[in-house]
Amino acid sequence: MSTSSSSPAGRPFSLSARGLTVNRADRPVLVDVDVTLTERSRLAVVGPNGVGKSTLLRVIAGRLTPERGRLDAAPPDVTIGLLDQEPIGAAAGTPDGPDRAARDQAGTGEAAGPAGTAGTVRALIAERVGVTAAEASLARAADDLAAGHPDAAEGYDRALERYLAIGAADLDVRLDEVADRLGLASRLLDAEPATLSGGEAERVGLAQVMVSRFDLTLLDEPTNNLDLAGLDLLERWVIGHPGGLVIVSHDRSFLERTVTEVLEIDGHHHTAVRFAGGWEAYGRERERAAALARRRYDDYVDERGRLKARAQQQREWADRGVSRVRKRPPDNDKNIKAFRLAQTERLAGKAKATERAMERLEVVDKPWEPWRLQLTIERAPRSATVVAALDRAVFRRGSFRLGPIDLELRWAHRLALVGPNGSGKSTLLDGLLGRLDPAEGRATIGPGVIVGELAQGRDGLSRAHAARADGGPSVLQAVQDVTGSTIAQTRSLLAKFGLDAEAVARRPDSLSPGERTRAQLALFQARGVNLLVLDEPTNHLDLEAIEQLELALQTYDGTLIVVSHDRRFLEAVELTTTVDLGGDPGAELP
């Protein structure tokens, strides 16, 4: 089917995955996972960190071949794009290599993804949204046609259809339009990716999503680090997108607004269950299914226990009856003795029948209880009443200016710093914590303040050892350095946060973002803090871990500073003060 460049993805298709099984280091990641996707799909994939959500997306995109299972697509030239939100400004490339991202896999059409060969932001986006691969394919087909190769005309038609379907013909025009909507200067599109600031990189990442034109788009953590304006644009794009979508995200508000189905990957059996009806319906059905499983197991245990007790009693009665008859036969009457023995044999027969009934019971396995983050935050002794204060403070970083600001953070207050990316939240946070001196005015920190910080880069454990020639100690050693705990105590602590023996033996910078987040949270439980600083804390945590963090903050009675765009999380924190920088960092704050 031909798709013109003026018509985005949205043609009818069906992609069926059957029995997908993936192992890693001889351990199952996915087991017999089935999923069917169409142009109308709005599917969220959820489950604990490390359960295989991203692995499933890579299999669907054709970047990873499963040990078992198959993908069937109709039509066979379905275009599939995996946009995994790898920071545009970061070193690009994946373990599979840039060329694999655009390789056609059996029956699944074109799978586009991150690559690292482009010199400019514009070229890198073209690679990630599949345009570079489509252009190369069309060029090869044109060469074959010019050389008169057999079937070259048919191959050229297929390559042209893909070129048009992927939106290659007008990518530059659309990219300029989207950049304008996002407030990105056109010069940034022609800059080197490594020169982008953090805020610019996030907006460029959103731009690549908004210009993509796949039949099926796979979004892996698309909401990470987006500000509220970016989240709103992404939501509107998802709602209006005519093609199929599969989304991995921890943002509950975003999922409530965008998805119509949920695929939950089980962390124990590594299978998947699909729930229809949207995010709220998934929550209700999941609770209902869990309650039913517990009730079925409890009923099974009760019935088995009842039958076991009955069989045991019947056996005891039969044994006692035989013993009495043999020891003290009544009047030495043979008939009475035989009658009494027959009675005891019947009791023994009833015991056997009861045991057979117990064996016929359908065995119900105890519902598996997944690992849960059991987080408590240890508070150090109380600090001064005024924890931090800014008096007409102005902060500068290069040409960037923030202030003047008057702000007083008092003991046990809960402060949220919100505003668009690039509005100065990190600058204000550094000023409050004494890491950045004001160019004007005053900044003070009260006595007795002990800071525990979850930085956005999740580099708290590795930062102190960055200058070491050997790259720094293991996670186990780094946590010991901070807490002073024994090896056994440290291993036990980290295990409670889902970090096994293999993970704690690695260097902190080699952990995944989710693992680094949990390791940092473990420090808050091991050492007392009275000023807790959380910078985008919900990034890289699974949904259950986020809920556990929210519960821990309800009982934490120290001072809190949180920087977040997670609307649901901010609602749960019970804030005392909110400072909204509002996109005008030069404005005077009240």
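The model is a predicted one, in which local features need pLDDT of at least 70 and side-chain atom pairs count only at pLDDT 80 or more, while totals for chains, interfaces and linings use all residues. Residues are numbered from 1 along each chain as its sequence is written, and side-chain values use heavy atoms, with hydrogens and water left out.

Two packed helices are described by the angle between their axes and the distance between the axes. For helix 3 (residues 131-146) and helix 4 (residues 152-165), the axes come within 9 Å and cross at roughly 160°. The axes here are lines fitted to C-alpha atoms over the stretch in contact, and angles run from 0 to 180 degrees between N-to-C directions. Helix 3 and helix 4 are therefore roughly antiparallel to each other, a label given to angles over 145 degrees, with under 35 counting as roughly parallel, 65 to 115 as roughly perpendicular and the rest as oblique. The crossing of helix 3 past helix 4 is left-handed, meaning that the near helix is turned anticlockwise from the far one by less than a right angle.

Stepping back to the whole chain, there are 19 helices and 18 strands; both are DSSP runs numbered from the N terminus, helices being H or I with at least four residues and strands E with at least two. Of the 590 residues, 49% count as buried, that is, under 20% relative accessible area, with exposed meaning over 50% and partly exposed in between (1.4 Å probe, protein chains only). Among contacts with a separation of 6 or more, 72% come from residues 24 or more positions apart.

The largest nonpolar core holds 50 residues, and L182, L219, V238 and W279 have the most contacts inside it. Such a core is a set of buried Ala, Val, Leu, Ile, Met, Phe, Trp, Tyr and Cys residues joined through side-chain atoms within 4.5 Å. Helix 7 (residues 198-211) supplies the largest share of this core, seven residues. L182 itself touches R203, L206, A207, M210 and L233, setting aside residues up to four places away in sequence. A second, separate core has 32 residues, including I546, L560, V562 and F569.

T217 lies in strand 7 and counts as buried at 0% relative accessibility. Its C-alpha atom is 6.4 Å from that of V246, 29 residues away along the chain. Leaving out neighbours within four places in sequence, T217 is in contact with G81, L83, S212, W237, H241, G244, L245 and V246. V563 sits in strand 17 (residues 559-563) and is buried too, at 3% relative accessibility. The C-alpha atoms of V563 and V418 are separated by 6.3 Å, although these residues are 145 apart along the chain. With neighbours within four places again left aside, the contacts of V563 are L417, K425, L429, L534, D535, E536 and P537.

Helix 17 (residues 513-526) is mostly covered, with twelve of its 14 residues buried. The buried run of residues is G514, E515, R516, T517, R518, A519, Q520, L521, A522, L523, F524 and Q525. From its first C-alpha to its last, helix 17 reaches 20 Å, close to the 20 Å expected at 1.5 Å a residue; the expected span is 1.5 Å times one less than the number of residues.

Most residues other than glycine have a negative phi, and most peptide bonds are trans. The bond from A74 to P75 is cis, with omega near 0°, and P75 is found in the loop between strand 4 (68-74) and strand 5 (79-83). Another cis peptide bond joins G403 and P404, with omega about 10°; P404 belongs to strand 12 (residues 400-410). As for phi, D32 has a positive value near 50° without being a glycine. D32 is in strand 2 (residues 27-38) and is partly exposed, with a relative accessible area of 45%. E221, also not a glycine, has a positive phi of about 55°. E221 is found in the loop between strand 7 (216-220) and helix 8 (228-240), and is buried, at a relative accessible area of 18%.

Conventions
Contact = heavy atoms within 4.5 Å.
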